[in-house]
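Hi everyone, thanks for making time this morning. Let's bring the structure up on the screen and walk through it together.

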Amino acid sequence: MNERPPQSKRGQLFSLDLMASGLGFIIFFIFLISVWLVLSSRLEEKREAEELQLQAFQITNMLIMSPGVPADWEGNPAEVTIPGLQQSPGRLNQSKLDAFVALDYNQVQKTFNIGRFEYQFKVIGINGSLLYSAGIPPDNSSTRSISVNRWVLQENETQQILFTLWSRSK
Amino acid sequence: MKQKGQAGIEALFAIGVIVILFIGIYAVYNDKSRNLLAVEQELRQREVCVGLANDIVSVFTLGEGTEKTRRLEYNVTIQPQQQRINLGKSFCTLTIGLVSSEGPVTGTPFNIGEGIVKIKNVNQSVRIQNE
């Protein structure tokens, strides 16, 4: 009868099973950390998107529903505190619209506190023709954009106001 | 006798590795858990902040005399000049700077305590005060 030498017992504790399960656990743990990091970055992106959306809605509403501050700001656009285009509820004032379109881009950004973003303002006629445009349209560097659409009466014609707020890649 | 001693050392080594692994995992878990709580609180603060900013802009947009009350769960600092609301570690921006706590708009930062606040449009600026 041949007996196996007793030295074969030495390696039993470091079995392949133990090493495989340890490795499997580490890989799973690394996967969990990766998921965490991806979710964190998505949360940050969602936060920026929400901010963009909120600002775009607030600015569009302010433009359409307020005459601006001072109320006759179109007389001296350089001193405008808050631009507004309203003549009466649902109607835009032609002089205010002309003055807003001619306003300096950086001045509008500063007034609405949207220096981190870019904007474009458009007035489109009922037949789809572009009547007024101001600001910068989204380009290839745009990472996210929100457009807010409102219908107004201007010079007794229904027109569409389109305010687009967008962010550039950093 | 000699072989039994070797197995004991190897077992101790294996247990040591497992303990070190678990300590590492616990440290990471603890860190992420604290991060999660901080993010949760920041999101809650931001929600309050954005809600207040929205109320301020709405009250301004709706014109003279518009009034609204709101319950604030945190103390806030409003910086009219920077068009910004600070709330704990969180902040949000305002699209208007015509905000004051009393009297005319000066642009000086002011604090609003938690509780019920009244937001009112006075002379085309927004006045916000604790009730």
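So, how many residues of chain B are in contact with chain A? In this predicted model, 20 residues of chain B are in contact with 22 residues of chain A. The largest share of chain B's side, 13 residues, comes from helix α1 of chain B, which covers residues 2–61. If you like to think in side-chain classes, chain B's side has 10 nonpolar, 8 polar and 2 charged residues.

Now let's look at chain B as a whole. Chain B has 1 helix and 8 strands, and going from the N terminus the order is α-β-β-β-β-β-β-β-β. Along its principal axes, the C-alpha trace of chain B spans about 95 × 25 × 20 Å. A compact globule of 131 residues would have a radius of gyration near 14 Å, whereas chain B comes out at 27 Å. Of the 131 residues in chain B, 25% are buried. And if we take the contacts in chain B with a separation of 6 or more, 64% of them join residues 24 or more positions apart.

Over to chain A, and one helix there. Which residues are buried in helix α2 of chain A, residues 94–102? They are Lys96(A), Leu97(A) and Phe100(A). Looking down the axis of α2(A), these buried residues fall within an arc of 100°, so they line one face of the helix. As a reminder, an α-helix has 3.6 residues a turn, so residues three or four places apart point the same way. And what covers the buried residues of α2(A)? The cover includes β1 (68–69), β2 (82–83), β4 (91–92) and β6 (130–135) of chain A.

How values were computed
Residues are numbered from 1 along each chain as its sequence is written. Chains are lettered from A and ligands numbered from 1 in the order in which they are written. This is a predicted model: local features need pLDDT of at least 70, side-chain atom pairs count only at pLDDT 80 or more; totals for chains, interfaces and linings use all residues. Two residues are in contact if their C-beta atoms, placed from the backbone, lie within 7 Å. Helices (H or I, at least four residues) and strands (E, at least two) are DSSP runs, numbered from the N terminus. Ala, Val, Leu, Ile, Met, Phe, Trp, Tyr, Cys and Pro count as nonpolar, Asp, Glu, Lys and Arg as charged, and the others, Gly among them, as polar. A residue is buried if 20 or more other C-beta atoms lie within 10 Å of its own, exposed if 12 or fewer, and partly exposed in between; C-beta atoms are placed from the backbone. The arc is that of the directions from the helix axis to the C-beta atoms. The radius of gyration is taken over C-alpha atoms; the globule rule is 2.2 Å times the number of residues to the power 0.38.
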